[in-house]
Amino acid sequence: MKIVVTGGLGFIGSHTTVELQKKGFEVVIIDDLSNSTEKVLDGIVAITGKRPEFEKIDLKEKSKVEDFFKRHQDIAGVIHFAASKAVGESVEKPLLYYENNIGTLVYLLKELSKKQRASFIFSSSCTVYGQADKMPITEDAPVKAAESPYGNTKQIGEEIIQETCKVTPAINAIALRYFNPMGAHPSAEIGELPIGVPQNLVPFVTQTGAGIREQISVFGGDYPTEDGTCIRDYIHVVDLAKAHVVALERLLDGKNEENYEVFNVGTGKGSSVLEVIQSFERVSGKKLNYKIVGRRPGDIMTAYADTTKANEVLGWKAESSLDEAMKSAWLWEQRVRKESV
Ligand code: UD1
């Protein structure tokens with residue numbers, strides 16, 4: 001069965017491609033290479049022994065999207081990762097984010113709505129909950145006003161899909177609300193490749209451990225949490241990738257109860273920034289140079305998932321511990337570092 005993975009050369013997209021291929025799906029990757037390289041294909045081949053089809057397409061070019069679907073009539077589903085994801089950049093360039101994340105989604109849904117039947121998986125984010133009132137966060141927690149254009153594109157994206165599904169029964173869609181993805185494939189053949197200074201915690205931790213950064217700033221030590229630092233739900237990217245395959249299979253098998261569904265994808269366990277640093281120190285055997293500084297504007301204090309719905313309805317559960325995920329992130333960091341010197 002042929003599945004399109006947009007953004008398939010990116011961090012989560014490449015890991016999902018691997019898991020799809022392992023299950024026997026035929027994958028066609030669309031990527032504009034704006035935040036990835038074709039070398040990722042070699043990593044996928046090294047793990048699975050199979051090179052996915054790849055087309056360099058910018059999904060903002062509507063005619064190219066139309067042309068792609070004309071040439072691939074046999075596509076059964078789309079997993080849509082291609083999007084911009086830097087919160088700070090989205091505040092500076094909101095239109096870029098709306099065009100990249102919303103315009104492209106509309107073009108894809110237009111093509112899918114021409115088909116007899118199509119399955120669609122959307123990359124959403126726990127950012128839609130903002131600072132939720134209750135922990136752990138269930139899927140029916142209210143969606144709060146977005147803190148950034150990036151967050152807004154995830155909220156609007158979900159709404160666009162929901163409204164489209166209402167009037168287009170041929171489209172079956174699932175939005176997966178990711179908590180904090182981290183780690184890499186245990187083979188260290190693929191992983192996260194942040195360009196420039198990483199904004200996210202784990203790549204900053206591993207780069208500091210590798211000596212690329214001198215010190216990591218811990219943003220805020222005065223939150224009313226046990227150790228004063230923020231709490232997040234860190235999920236191994238391979239577990240997250242597997243959730244996509246399970247969600248897709250649910251749609252392809254027609255097991256979904258409604259034609260638009262939402263699932264949290266996390267571990268259900270919250271870890272503080274200091275616990276993440278301790279995990280790094282445990283798995284690497286290195287001391288990390290860190291300093292507690294002021295809070296980062298826009299950060300929420302605590303977010304971790306109630307994963308009951310995904311566990312029971314999808315039959316999926318995150319399997320890796322924080323240390324296992326950190327070990328894979330560290331292995332990958334050392335490999336990338338070795339190759340770049
Ligand atoms: C961020 C985005 C979120 C997006 C996700 C994508 C914000 C407010 N949220 O999530 O919308 O979906 O990235 O991956 O930007 N931290 C440090 N030092 C650092 C970096 C991070 O202490 O150098 C702390 C942060 O304060 C936070 C935790 O580590 O408490 C995780 O941060 P990060 O990895 O950036 O993820 P989120 O902020 O949860």
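Predicted model: local features only at pLDDT ≥ 70, side-chain atom pairs only at ≥ 80, totals over all residues.

Q: How many helices and strands in the protein chain?
A: Eleven helices and 13 strands. These are DSSP runs numbered from the N terminus: helices are H or I with at least four residues, strands are E with at least two.

Q: And what is the radius of gyration?
A: 19 Å for the protein chain, close to the 20 Å from the globule rule for 341 residues, so the chain is as compact as a globular protein of that length. The radius is taken over C-alpha atoms, and the rule is 2.2 Å times the number of residues to the power 0.38.

Q: What share of the residues is buried?
A: Buried residues are 54% of the 341 in the protein chain. Buried means under 20% relative accessible area, exposed over 50%, and partly exposed in between, using a 1.4 Å probe and protein chains only.

Q: Where do the domains run?
A: Domain 1 covers 2-182 + 235-265, and domain 2 covers 201-232 + 268-305 + 320-340. The bounds come from an automatic or database domain assignment. Their centres, taken over C-alpha atoms, are separated by 26 Å. Domain 1 gives 13 residues to the contact and domain 2 gives 16, where contact means heavy atoms within 4.5 Å.

Q: Switching to His72: buried or exposed?
A: His72 is buried, at a relative accessible area of 4%. The residue sits in the loop between helix H3 (62-71) and strand S4 (75-80).

Q: Which residues does His72 touch, apart from neighbours within four places in sequence?
A: Lys2, Val28, Glu53, Glu55 and Lys115 are in contact with His72.

Q: Which peptide bond is cis?
A: The one from Met135 to Pro136, with omega near -15°. Pro136 is in the loop between strand S5 (118-125) and helix H6 (149-167).

Q: What about phi of Leu33 and Ala188?
A: Leu33 has phi near 60°, a positive value in a residue other than glycine. Phi of Ala188 is also near 60°.

Q: How exposed are they?
A: Leu33 is partly exposed, with 22% relative accessible area, whereas Ala188 is buried at 5%.

How values were computed:
Residues numbered from 1 in each chain as written. Heavy atoms only, no water.
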